[in-house]
Amino acid sequence: MNILKFHSDEDFVQTGANLIASLLQSNPKAVLGLATGSSPVGVYAKLVEMHQKGLVSFSKATSFNLDEYIGLPVDHPQSYRSFMNEQLFNHIDIDSGQTHIPNGNAADMEAECLAYDKMLEENGPVDLQILGIGSNGHIGFNEPDANLSSKTHVVDLLEDTREANARFFDSLDEVPRQAITMGIGGILKARQILLLVRGAGKAEAIRNAVEGPITTQCPASLLQSHPNVIVLVDEGAGKWLK
Ligand code: F6R
């Protein structure tokens, strides 16, 4: 794992954005694995800025998002489709038909999971997978558990994850109880992984993930088994790293 610590927010987001932009410059047809949540927001904003300056194009790129809430209407402001449109897709030249997000409103969720993995298989592997980490060590919505699923699956969100995400909703009650997420196997198939970690609230999770044992109780620790992971941490998140 290549761990880079940043004192400046600007350097953090510029480094993340540069990695994605240089991939697209060398391979315009790159397949991007995308995450939602607060961690990648600055990097997405920087990519929008770079796109507006003519420095990067997404016109031939394909994207796959990690996850989506189940049962939230797709046009709900907190659906991950709305998030991606607002933070990135509406401001760049990506073909919306090439942006994939699991359908959290499919009538048959089992079929949706299989179809998402099939699409990943046909279009993949993902060239660069962007990840955030939950304060409990989750990646995507792969929550700590005795067993982790390799494939895309439906997951019951843990209460601490719902509480962490309640800040985006009017009340905790409105936070969905389930999500569909790519599995650990799907995530680890990416050629390169870029983990973005910000804030002191993530200090323990990232220390466990990169310095602790590889355990399903900290799903992000499985990234230690991947040969090409870059971790960007800010001062708060990196405060307990060696
Ligand atoms: C989002 C996702 C989650 C988040 C994680 C951190 O698509 O898969 O694993 O990356 O919950 O969320 P933030 O960045 O909001 O702290």
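Q: Two strands pair if DSSP finds at least two bridges between them. In what sense do β2 and strand β3 pair, and over how many bridges?

A: In this predicted model, β2 and strand β3 (residues 62-65) run parallel and are paired over 4 bridges.

Q: Which way do the residues of strand β2 point, and are they buried or exposed?

A: Strand β2 covers residues 31-34. Val31 and Gly33 point one way, Leu32 and Leu34 point the other way, and all are buried.

Q: What order do the strands of the open sheet have?

A: The open sheet has 7 strands, and reading across it gives β1-β10-β9-β6-β2-β3-β5, with parallel pairing. At its edges are β1 (2-6) and β5 (99-100), each of which pairs on one side only. Further in, strand β6 (residues 128-131) is joined to strand β9 (residues 192-197) in the parallel sense by 4 bridges. Within that pair, leucine 131 has leucine 195 of β9 as its bridge partner.

Q: Which strands pair in the antiparallel sense with β8?

A: Strand β8 (residues 178-181) pairs in the antiparallel sense with strand β4 (residues 67-69) over 3 bridges. β7 also runs antiparallel to β8, joined to it by 4 bridges. Alanine 179 of β8 is the bridge partner of tyrosine 69, and valine 155 stands opposite alanine 179 as well.

Q: How many helices and strands does the protein have, and what does its C-alpha trace span?

A: The protein has 7 helices and 10 strands. Its C-alpha trace spans about 45 × 40 × 35 Å along the principal axes. A compact globule of 242 residues would have a radius of gyration near 18 Å, so the 17 Å of the protein agrees with that expectation. Of contacts between residues at least 6 apart in sequence, 79% join residues at least 24 apart.

Q: Which residues in the largest nonpolar core touch the most other members?

A: The general idea is that in soluble globular proteins, nonpolar side chains tend to be buried together. Here, 45% of the 242 residues count as buried. The largest nonpolar core has 64 residues, and those touching the most other members are Leu128, Ile133, Leu195, Val197, Ile206 and Ala209. Helix α1 (residues 9-26) gives the largest share of this core, 6 residues.

Q: Which residues of helix α7 are buried, and what covers them?

A: Helix α7 takes in residues 203-211, with Ala205, Ile206, Asn208, Ala209 and Val210 buried. The cover over the buried residues of α7 includes β1, β9 and β10 (229-234). Setting aside residues up to four places away in sequence, alanine 209 touches Ile133, Gly137, Cys218, Ala220, Ser221 and Leu223.

Q: Why does leucine 157 count as buried, and why is serine 150 partly exposed?

A: Burial is judged by counting other C-beta atoms within 10 Å: 20 or more is buried, 12 or fewer is exposed, and partly exposed lies in between. Leucine 157 counts as buried because it has 21 C-beta neighbours inside 10 Å. Serine 150 is partly exposed because 16 other C-beta atoms lie within 10 Å.

Q: Where are leucine 157 and serine 150 found, and which residues are they in contact with?

A: Leucine 157 is in the loop between β7 and α5 (159-165). Beyond its neighbours within four places in sequence, leucine 157 is in contact with Phe141, Arg162, Arg177, Gln178 and Ala179. Serine 150 is in the loop between β6 and β7 (153-156). With the neighbours within four places again left aside, serine 150 is in contact with Gly183, Ile184 and Gly185.

Q: Which residues does a cis peptide bond join?

A: As background, most peptide bonds are trans. In this model a cis peptide bond joins glycine 124 and proline 125, with omega about 0°. Proline 125 is in the loop between α4 (109-123) and β6.

Q: Which residues around the ligand come nearest, and how do the residues of the shell divide?

A: There are 14 residues around the ligand, and Thr36, Gly37, Ser38, Ser39 and Gly132 come nearest. The shell divides into 5 nonpolar, 8 polar and 1 charged.

Key
Residues are numbered from 1 along each chain as its sequence is written. This is a predicted model: local features need pLDDT of at least 70, side-chain atom pairs count only at pLDDT 80 or more; totals for chains, interfaces and linings use all residues. A residue is near a molecule or strand if its C-beta atom, placed from the backbone, lies within 6 Å of it. Ala, Val, Leu, Ile, Met, Phe, Trp, Tyr, Cys and Pro count as nonpolar, Asp, Glu, Lys and Arg as charged, and the others, Gly among them, as polar. A nonpolar core is a set of buried Ala, Val, Leu, Ile, Met, Phe, Trp, Tyr and Cys residues joined through C-beta atoms within 7 Å. Helices (H or I, at least four residues) and strands (E, at least two) are DSSP runs, numbered from the N terminus. Two residues are in contact if their C-beta atoms, placed from the backbone, lie within 7 Å. The radius of gyration is taken over C-alpha atoms; the globule rule is 2.2 Å times the number of residues to the power 0.38.
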